[in-house]
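My notes follow in the order I made them.

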Amino acid sequence: IYYGFSFSWGSLSSNMYIGYLMAAVGEVIAYILMVPMLDKMGRKWANMCFFFIGSASFLVAMADVKLGSEFTLTQLSCLIGSMAIAAVFGSIYLYTMELAPTSHGGKILGCCSFAARVGAFMGPQAPLLFSWSNIGALIIFAVLSGSA
């Protein structure tokens, strides 16, 4: 989900540069908000909330509503969902290392990094989903986020 949206911002926005700028600012905000959320709510509940926010915002993004001359509800909802998924992506690395015993931490982090690289390999294919159907791609991302 993380890499799929990281590579798809050019398809979601009328101006590719504005779309990627929004995504970059959103990720910075997500990483800043992630740490206090993890401290206040705990790792498990914060991740569940981030996944729920991501899934709900991807479902809301299916509505085709203009919010101004250049922005749509799809872009705003996808930005919120992308922020939530970026927060999950960052917190999973922290949470995984806390769950593993010290002697196994490096191996488990390597497995997680391998899984992330598989996602990075499949992520560039996500714009093809959006060229096929915006709603279909958003449903797939919402289901993946909700099932996690």
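I took contact to mean heavy atoms within 4.5 Å. With that, I looked at contacts in the chain with a separation of 6 or more: residues 24 or more positions apart account for 68% of them.

Notes on the source. This is a predicted model, in which local features need pLDDT of at least 70 and side-chain atom pairs count only at pLDDT 80 or more, while totals for chains, interfaces and linings use all residues. Residues are numbered from 1 along each chain as its sequence is written, and side-chain values use heavy atoms, with hydrogens and water left out.

Secondary structure. I used DSSP runs numbered from the N terminus, with helices (H or I) of at least four residues and strands (E) of at least two. The chain has seven helices and zero strands.

Helix H2 with helix H3. I checked H2 (residues 16–41) against H3 (residues 43–60); their axes come within 7 Å and cross at roughly 125 degrees. Axes here are lines fitted to C-alpha atoms, for helices over the stretch in contact, and angles run from 0 to 180 degrees between N-to-C directions. Angles under 35 degrees count as roughly parallel, over 145 as roughly antiparallel, 65 to 115 as roughly perpendicular and the rest as oblique. H2 and H3 are therefore oblique to each other. On the H2 side I found Met34, Met37, Leu38, Asp39 and Met41, which meet Arg43, Trp45, Ala46, Cys49 and Phe50 of H3. These residues divide into eight nonpolar, no polar and two charged. For the classes, Ala, Val, Leu, Ile, Met, Phe, Trp, Tyr, Cys and Pro count as nonpolar, Asp, Glu, Lys and Arg as charged, and the others, Gly among them, as polar.

H2 with H4. The axes of H2 and H4 come within 8 Å, crossing at roughly 50 degrees. This pair is therefore oblique as well. Residues of H2 in the contact include Gly26, Ala30 and Met34, and those of H4 include Met83, Ala87 and Gly90. By class I noted 13 nonpolar, four polar and one charged.

I counted a residue as buried under 20% relative accessible area, exposed over 50% and partly exposed in between (1.4 Å probe, protein chains only). Buried residues make up 38% of the 148 residues in the chain. A nonpolar core is a set of buried Ala, Val, Leu, Ile, Met, Phe, Trp, Tyr and Cys residues joined through side-chain atoms within 4.5 Å. The largest has 22 residues, and among those touching the most other members are Ala30, Phe50 and Ala87. H4 gives the most to this core, with seven residues.
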